[in-house]
Amino acid sequence: MSKLENVCVYCGSAPGREPSHAEAARAFGRILAEENIRLVYGGGSVGLMGTLARSVLDCGGAVTGIIPQFLEEREQLFADVTELILTTDMHERKRTMFERADAFVALPGGIGTLEEVVEMMTWAQLGQHHKPVLVANLGGFWQPLINLLDHMRGEGFIRETSDIRFLEAESVEDILPSLRAALAGEAENGDRQAAHAETVRRM
């Protein structure tokens, strides 16, 4: 996996107090559409979720919305997306989002956004995937989380050998270049491992 075609974005179902959050979601949606990258997201039409999805669609991009049936009203299902997937529960939703994505991005959001991006970090830490996970630390929004992870490491609850791998971007313009660089590095590492395995087989 070295090509970036589908990006899963976690973000708030509320707009937040700072207008800059909605502006960032709108700008990132435009970038995704311009780069011909499909948005995979939670399927809602409200908050930053709705702003992001509308921006992608308004700019001619493709959007896959994935939402559990019990959240259709609460998050106001966005029926106009390119592809809409209804799931039975949150577990199926998150699994489907994972399977459909080449990388994961966390824009500003609440506890649901936090839970989703930390789960992707955890799966990566446990070796369950090698897809890039990026925290969009726009205006320092995610700095408390980054500080908390450093605190956990300092307290010995994150082992030195159990690296929590995630990328950080401070502007929406830096997100896709960071993801592409990470994918290219992963592909290069995979090639080296394959070459080493081939050498071992021949010995």
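# Reading a pocket, a cavity, a sheet and its helices

Me: How do the residues of the lining of the second largest pocket divide into nonpolar, polar and charged?

Reply: The lining of the second largest pocket has nine nonpolar, two polar and no charged residues (nonpolar: Ala, Val, Leu, Ile, Met, Phe, Trp, Tyr, Cys and Pro; charged: Asp, Glu, Lys and Arg; polar: the others, including Gly). The model is predicted: local features need pLDDT of at least 70 and side-chain atom pairs pLDDT 80 or more, while totals for chains, interfaces and linings use all residues. Residues are numbered from 1 along each chain as its sequence is written, and side-chain values use heavy atoms, without hydrogens and water.

Me: Which residues line the second largest pocket, and which helix gives the most to the lining?

Reply: A pocket is an open set of points on a 1 Å grid over the protein atoms alone, with protein on both sides within 12 Å along at least five of seven lines; lining residues have an atom within 4 Å of a point. Here the lining consists of Leu 114, Val 118, Met 121, Thr 122, Gln 125, Leu 145, Leu 148, Leu 149, Met 152, Ile 158 and Ile 164. Two elements give two or more residues each, helix 4 (111–125) and helix 5 (143–154). Helix 4 gives the most, with five residues.

Me: How many cavities of 30 Å³ or more does a search of the whole structure find?

Reply: In a cavity, a 1.4 Å probe fits but cannot get out. The search finds one of 30 Å³ or more. The largest cavity is lined by Tyr 10, Lys 94, Met 97, Phe 98, Glu 116, Glu 119 and Met 120. Helix 3 and helix 4 each supply at least two of the lining residues. By class, this lining has four nonpolar, no polar and three charged residues.

Me: In what order do the strands form the sheet?

Reply: Strands (E, at least two residues) and helices (H or I, at least four) are DSSP runs numbered from the N terminus; two strands pair if DSSP finds at least two bridges between them. Seven strands in the order 4-3-2-1-5-6-7 form an open sheet with parallel pairing. Strand 4 (83–87) and strand 7 (167–169) are at the edges with a single partner strand each, so one side of each has no neighbour in the sheet. Strand 6 (residues 133–136) is joined to strand 7 by three bridges. Leu 134 is opposite Leu 167 in strand 7.

Me: At what angle do the axes of helix 1 and helix 2 cross?

Reply: Axes are lines fitted to C-alpha atoms, for helices over the stretch in contact (heavy atoms within 4.5 Å), and angles run from 0 to 180 degrees between N-to-C directions. Helix 1 (residues 19–34) and helix 2 (residues 47–58) have axes that cross at roughly 30 degrees and come within 7 Å. Among the residues making this contact are Ala 25 and Phe 28 of helix 1, and Leu 48 and Leu 52 of helix 2. The contact has eight nonpolar, four polar and two charged residues.

Me: Which strands does helix 4 lie across?

Reply: Helix 4 lies across strand 1, strand 5 and strand 6, at about 145 degrees to strand 6. Helix 3 (residues 90–100) runs at about 160 degrees to strand 3.

Terms used. Grid points are joined across faces, edges and corners, and a volume is the space filled by probe spheres set on the points.
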